[in-house]
Every structure is written in C-alpha cells, then in structure tokens.
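I open this notebook to record what I looked up, going from each chain as a whole to the places where parts touch.

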Amino acid sequence: MNVMFDWPESVAFLFLIIGIVMALFSGNVYILYTVCFLVGLVFGRVWYRLRMSECIPLFLAIMAFFLGFVLGGIFANLRVIALVLIAGILIGYWLHEKKIIRSLEF
Amino acid sequence: MSLRNYIDKLKRYFGFSREEWLNFCIVVLCMSIIYSWTDWGVQRFDPVIGFRNLLTAIVFVGITVFVHHAGQRMMALLLGFRAEQRLWWHGLIIGLILVMLTNGKIQFLAATGMLVYLLPAHRIGAFRYGPNLTTVAKIALGGPVLNILFSALIKSFEWAGILSPEIGTKLFVLNISFAAWNLLPIPPLDGSKVFFYSRLTYAFMFGSIASYVLMVYFLNYYSYIIALLFGALTWLIFYIFFESKWRP
C-alpha cells in the first residue's frame, strides 16, 4: 500500500478502530449517544474547515467512524446512532457557518 | 523596565476582551463538568450533591484557569507583548468524550491555546524586535509555572491552617494536573510552543513537572529540588539517546 497515495483509506481505517473502541468503552446507550453527538460536532467543525479542499477523505472518515461505532455499539439502536451523528455534524457545521463559533487558526 | 512601567502595562493590557470572557466561561463550565464527573452521588446518582459539587468545581476551575491565563499575560507584558487566550474546541470535546468513556478516570484538562501580539512601543530597542519561538515559549511557560507556584502557595496556606485541607488539597491537585496537561506537546497547548522552541528545554520542563506531579500523587512528597533533579536527568537521557544522534 502506498501511504502517500492511499492516506484517506488509512485515516478512515484509523477512524473505524476509534469508533469501535469508543463504542465498546461507553458503558450504556446514553453515554454512547452523547459521545456520538460530540464526535459529530467535531466532524461538523472539521467539515466546515475542509469544505473547500478535502471533503472526500473526510466523508470516508465519517463513514468509517459510523461503521465502527455501529459495530462496537451493537447493543444500541442503529437509527438513533445515525440520527445523533448526523445531527451533531449538521449542528457543528451550522454553528460555524452562522459564525456562532468562530473557526480560528492558532 | 521600571516597576511603574510594568504596572502601567498591566493596567492597560491585562484585561480580557468580551470574546475572551465568553471563552473563559465556556472553558470553566466544561472543565468543571469534567472535573466533577465522579462527584454526582456516593452510592447512586444524586442531582443535589452533584450540583453542589459542580458549583464548587466551577469556583476551583475558574481560579485555576484564571491563574494560568494571568501567568501568560503577565509574562507577555514583561517581554513587551500581549497574550490572548483562545478556546481549543477539539480539546474541550476530547476532554468531555474521554471523561465519559473512562467514567471520570481520565480528566483531560486542557482546552486553551495562546496567541501573542507585538506591542510595538514596548519593544523599542529590544534585541530581536518581533515575536519569535523563544519569546513565545517563555510566555507559554508563564501559565503552567504560575499554576505550580500557586499550588505551592495553596499547600503552604493549608499547612499554616489558613485553608481547610479539603479545599487546599483539591485546589493543589487541580493546579498541578492543569499545568501537567497543558505541557503536552500537542498544538495549540503550551507544551507545543516549548517543544518547537527547544526539545531539550521541553524534556527538562516536562521531566521536572511530571516528576513533581508523580511524587505528590504517589509518594505524598513535595520537593521542587528533587523535581528539578529529575528534570535534569530527563534532559540528560534525552540528550544522550536522541538529541546527540540527531542529524539535520
């Protein structure tokens, strides 16, 4: 595998593992949904920042994370996980687009 | 620089802007939730005890974060710059996720980054006029170092009987953990600024502060001198095994 060329897949695989680990470590469904929402917020922020450049790798990472989260959180409701993650992403993006949260470089 | 000049600079530039106050409040609130995660009841969830502990945590975390920011601002003004603290959203969310997933075992208390602005009139005649890695590292270190000194002051007050042991211990532990977390070499935390300035200085600082924290946590032993010796040992080990073999 050429890492320089296939880095989006590598990053996506990493997010798959992170998703599984996070879902396995959350003890109950409420923590699972909250963590999923928070990760969605982070994805929303990253999506806003990379909206002009690297949307495809980010989309791959989000889908891989979702898959990992579903696999790890098999005890939870799949639809709720999907809804919470999408809500997190959309709210995160909207907060940045409306300049409620400013996206600043350090 | 005279003391009068420094006091004047403090009066003019030390204050927080509206956005900085807003960020400060968000950081304090979220970090208080992280800090008081395990204090929401003894046997089972109790909202009354939880809210009381959360309010206490807000006060403690507020003091700690303010001391950290004040340390950086005072150091920046001493060097002729103005420091501005900004919220690191990723750190805040990572902290919340970590505390939830580990049920309060990992309390990641680092969610601010610092920016440095030049105060042209106050740098006139200074060697290397503009901001550089050295000055930024010095300013960044001002926060964690003041946290450590403040924790020592708190402990002294506790030993002198001025503060109750419960308050003293909590504030002490919070301040040193806050300093240690902020020294991680992750941008935009303070540790990253020191790391980019000099790896050896970073090894020394991190070795000193980490050994101090570990001595306090596990041995209940308080000594700056031994912590500095451990820092020097870390510096030496890092130099022998990494730095001396590094070639550009």
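What percentage of the contacts in chain B with a separation of 6 or more is accounted for by residues 24 or more positions apart? I find 69%, where two residues are in contact if their C-beta atoms, placed from the backbone, lie within 7 Å.

Before going further I note that this is a predicted model, in which local features need pLDDT of at least 70, side-chain atom pairs count only at pLDDT 80 or more, and totals for chains, interfaces and linings use all residues. Residues are numbered from 1 along each chain as its sequence is written, while chains are lettered from A and ligands numbered from 1 in the order in which they are written.

Entry on chain B.
I looked up the secondary structure and found nine helices and two strands in chain B, with helices (H or I, at least four residues) and strands (E, at least two) taken as DSSP runs and numbered from the N terminus. Along the sequence of chain B I read the order α-α-α-β-α-β-α-α-α-α-α. For the overall extent, I noted that the C-alpha atoms of chain B fill a box of roughly 60 × 45 × 40 Å along the principal axes. Of the 248 residues in chain B, 39% are buried, a residue being buried if 20 or more other C-beta atoms lie within 10 Å of its own, exposed if 12 or fewer, and partly exposed in between, with C-beta atoms placed from the backbone.

Entry on the domains of chain B.
The domain assignment gives domain 1 (3-184) and domain 2 (198-248) of chain B, and such bounds come from an automatic or database domain assignment. I looked up the spacing of domain 1 and domain 2 of chain B and found their C-alpha centres 22 Å apart. Each of these two domains of chain B brings eight residues to the contact. On the domain 1 side, helix H5 (133-160) and helix H6 (165-182) of chain B each supply at least two residues, and H5(B) gives the most, with four residues. By class, that side of domain 1 has seven nonpolar, no polar and one charged residues, where Ala, Val, Leu, Ile, Met, Phe, Trp, Tyr, Cys and Pro count as nonpolar, Asp, Glu, Lys and Arg as charged, and the others, Gly among them, as polar.

Entry on B:Phe196.
I found B:Phe196 in helix H7 (residues 190-197) of chain B. Why is B:Phe196 classed as partly exposed? B:Phe196 is partly exposed because 15 other C-beta atoms lie within 10 Å. The C-alpha atoms of B:Phe196 and B:Thr134 are separated by 9.3 Å, although the two are 62 residues apart along the chain.

For chain A I recorded four helices and zero strands. The radius of gyration of chain A is 14 Å, close to the 13 Å that the globule rule gives for 106 residues, so chain A is as compact as a globular protein of that length. In chain A, 36% of the 106 residues count as buried. Turning to the interface, I found 15 residues of chain A in contact with 13 residues of chain B. The largest share of the chain A side, eight residues, comes from H2(A).

Conventions. Rg over C-alpha atoms; globule rule 2.2 N^0.38 Å.
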